[in-house]
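Please look over the model shown here.

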There are 2 protein chains.
Amino acid sequence: MNISHRAETIQASPIRKLMPYADEAKKRGIKIYHLNIGQPDIETPKQILNAYHNFTDKVVAYGPSQGLLTYRESLQKYYKKNKIDLSLSDIIVTTAGSEAIIFAMLVTCNVGDEIIVPEPFYTNYNGFATIAGVNLIPLTTYAETGFALPEDEKITALISAKTKAIMMCNPGNPTGTVYPRKDIQRITEIAKKNNLYVISDEVYREFVYDGVTHTSIMHIEGMEDHAIMVDSISKRYSACGSRIGAIVCKNKKLMSAVLKFAQARLCPPTIDQIAATASLEVPQSYFEETISEYKKRRDIVFDELAKIDDVVCIKPEGAFYIIAKLPITDAEKFAVWMLEEFQVNNETVMFAPAEGFYATPGLGKNEIRLAYILNENDLRKAMLIFREGLKKYKSLKQ
Amino acid sequence: MNISHRAETIQASPIRKLMPYADEAKKRGIKIYHLNIGQPDIETPKQILNAYHNFTDKVVAYGPSQGLLTYRESLQKYYKKNKIDLSLSDIIVTTAGSEAIIFAMLVTCNVGDEIIVPEPFYTNYNGFATIAGVNLIPLTTYAETGFALPEDEKITALISAKTKAIMMCNPGNPTGTVYPRKDIQRITEIAKKNNLYVISDEVYREFVYDGVTHTSIMHIEGMEDHAIMVDSISKRYSACGSRIGAIVCKNKKLMSAVLKFAQARLCPPTIDQIAATASLEVPQSYFEETISEYKKRRDIVFDELAKIDDVVCIKPEGAFYIIAKLPITDAEKFAVWMLEEFQVNNETVMFAPAEGFYATPGLGKNEIRLAYILNENDLRKAMLIFREGLKKYKSLKQ
């Protein structure tokens, strides 16, 4: 029996595809520091956990397709604190950010249409594009310039008759880059001039460091018809397993189409939405502590990388990832070698080869993404093992 | 700004699109008996509810893309009780049955491919087909013959070079029909002869009445490469809001492709899977009580419908739906009228017009689907109001 062409060709997750090597290593008794996946070890706020414990309904019932009213109201308040004024009808709750992106692609693009996206980009955008039958057109950015957006001409050169949107992740996964307001403004001008949507994935909104301010696509005036924001509680409240996201847009026609797609899958998980609603009670101090914790971790990872000769990486200002260009030829081989052959006192480190974050063939082959989601002690140990491993690997015939 | 063609044309849910009329009626103080949606009032078993209350992890973390191992093991045991022997790799957990069907479509079909499906069919198949870019080819079945599958020639006549699968819902939503083993066997013979997959949606497996036996697609020998089963805990344990389903298939190549789609969206909700795992502790008596409760309700609805002149409907043997052909011309208008203009002591009834369950234009226009998901008292009241309403409506100029 044949399977479909898209099933044959969909990209395997570069974040998860090395898992079998990790499983093998664990069977051999090796402890692995996971810097490969964006699963924070920060505790989920107790207000959210308590909401699960305190669910008193007798039936776990369907909710509305657009999400529970109480949760949408709490999101409205959260956005207001972030200087984003929304009506309730501008918010549809989704099954995590993943579904929000799939919906955004389905309503803006027909099969074969194109979305421009700065690369390296969150690798799962590829999977969503396969599901929606959309072609992602990469706009290459570079480690040497901190993955800043290129000048307008580089962007407009990619626009074709099939282009329907520009999609960006801000703060960036995997880059950690926070786009300055003037760059967001440039993107919106290009979008308006060319009748494009801007799909802005802002799930790392809260995590910006060094006094940098995050600019949301919803902060830009005159973008009511063009701006689509993707959001999620996964990273914000360290609740990745709750699978609660949102798609936010002021374009009424677009949102009524999103609602029809949402109705097909009935609703996002009910109790998880109730838990997400409780996030409104999470005090501001949670963010202050979490941000200071992530900043400390970023500094550890960056400082350790900076000690290694010939590593290219600029200190990221947001999210909890860092991309590093290594003085080797094939980062995936290095990652496998670290799992199969290298250890320090029975411990090793796992990270994500960055090639899968690029759409342009050949790019990113010598780059890796590190997620700084472990506590300070573990992270320091992991970075020592990483440095040792890289030194040893370089000394081998590659 | 334009939206995509698929966003313009995706069907609005016929189950949910009358909700605004219901909301208006509620604002006027009218109580509505909801027979329009498959949300049972049966209590979710306490073992499942307790699992939410007893979640003790400090972080709501991602699970594996294929689902939590503990939950897949519990599903394996559940299927074994149902005479279905599976390896763990034959089971991938999904975000409800909805996602399982979308995955099944994505891996079997390219854009523009066709799936044959007996109509009337679960209306959301249309939405999933729009998402996957698949064309559903209806195989018409009739109220007069209890929506039985037509003879082989009628089925094979629909097969084209683009046909990749036959999809069925057994026990059927919206028909309540339970296909006898010989009919399932016929379908599998046709599938094998024509290199087609059979996608079998069996979420109502447990709910069969009058001593009828349910035949799963997984019970048929020699279908290892062809059979794809879709499942969900939504109806089985009255846990629609948990959004936990599964796709089950012994075809390794197909399942490794499903896993890649699953990796793109990371994982199904974590705590809901833990709750679903607890379903293994639900005693058999829960099913006995639930089945006897649904049977009683079916009899109430069927007996009340049988009292009305010129209503066509055959007593269904499974699920908790009944389709009735009414002596009126437009069931949607009647449904709206019931919400807008009719009431008995400030109460009225909502049901789903059946036209949206058909793909062939014009069919089902005078049919409705009733979900018998209310307790006996409410259901008796609802059916009295329904009969009164229909009598009054028929007496009006239509």
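## Sheets

In β12(A), A:Leu370 is the bridge partner of A:Ile322. Helices and strands here are DSSP runs numbered from the N terminus, helices being H or I with at least four residues and strands E with at least two. This is a predicted model, in which local features need pLDDT of at least 70 and side-chain atom pairs count only at pLDDT 80 or more, while totals for chains, interfaces and linings use all residues. Residues are numbered from 1 along each chain as its sequence is written, and chains are lettered from A and ligands numbered from 1 in the order in which they are written.

β9(A) pairs with strand β12 (residues 367–371) of chain A in the antiparallel sense, over 5 bridges. Two strands count as paired if DSSP finds at least two bridges between them. Both strands belong to an open sheet of 3 strands in chain A, ordered β9-β12-β11, with antiparallel pairing. Its edge strands, each pairing on one side only, are β9 (321–325) and β11 (352–353) of chain A.

Chain B holds an open sheet of 7 strands with mixed pairing, in the order β2-β8-β7-β6-β5-β3-β4. At its edges are β2 (91–95) and β4 (135–140) of chain B, each of which pairs on one side only. From one strand to the next, the twist averages 25°. Angles run from 0 to 180 degrees between N-to-C directions, and axes are lines fitted to C-alpha atoms, for helices over the stretch in contact.

β2(B) runs antiparallel to strand β8 (residues 244–249) of chain B, and 5 bridges join the two. Within this pair, B:Ile91 stands opposite B:Val248 in β8(B). Helix α4 (residues 69–81) of chain B lies across β2 and β8 of chain B, at about 115° to β2(B).

## Helix packing

Two packed helices are described by the angle between their axes and the distance between the axes.

| Helix pair | Axis distance | Angle |
|---|---|---|
| α2 (residues 19–27) and α12 (residues 331–340) of chain A | within 9 Å | roughly 15° |
| α2 (residues 19–27) and α12 (residues 331–340) of chain B | 8 Å | about 15° |

α2(A) and α12(A) are therefore roughly parallel to each other, a term used for angles under 35 degrees, with over 145 counting as roughly antiparallel, 65 to 115 as roughly perpendicular and the rest as oblique. α2(A) passes α12(A) in a left-handed crossing. A crossing is left-handed if the near helix is turned anticlockwise from the far one by less than a right angle, and right-handed if clockwise.

On the α2(A) side, A:Tyr21, A:Ala22 and A:Ala25 meet A:Val336, A:Leu339 and A:Glu340 of α12(A). Contact means that the C-beta atoms of two residues, placed from the backbone, lie within 7 Å. These contact residues divide into 5 nonpolar, no polar and 1 charged. Here Ala, Val, Leu, Ile, Met, Phe, Trp, Tyr, Cys and Pro count as nonpolar, Asp, Glu, Lys and Arg as charged, and the others, Gly among them, as polar.

In chain B, α2(B) and α12(B) are likewise roughly parallel to each other. α2(B) contributes B:Tyr21, B:Ala22 and B:Ala25 to the contact, and α12(B) contributes B:Val336, B:Leu339 and B:Glu340.

## Contact between the chains

How many residues of chain B are in contact with chain A? There are 61, and they touch 61 residues of chain A. Elements giving two or more residues to this side of chain B include α1 (5–9), α3 (46–53) and α5 (96–108) of chain B. α9(B) gives the most, with 7 residues. This side of chain B divides into 27 nonpolar, 23 polar and 11 charged residues.

Chain B superposes on chain A by a rotation of 180° with 0.0 Å of shift along its axis, at an RMSD of 0.0 Å. The two copies are thus related as by a two-fold rotation axis. The superposition is by least squares on the C-alpha atoms of residues with pLDDT of at least 70 in both copies. The same surface serves both copies, since 100% of the contact residues of chain B recur in chain A. B:His53 comes closest to the rotation axis of the residues of chain B, with its C-alpha at 1.9 Å.

## Backbone geometry

The peptide bond from A:Asn170 to A:Pro171 is cis, with omega near -5°. A:Pro171 lies in the loop between β5 (163–169) and α8 (181–193) of chain A. A:Asn173 and A:Pro174 are also joined by a cis peptide bond, with omega about 15°, and A:Pro174 is in the loop between β5 and α8 of chain A.
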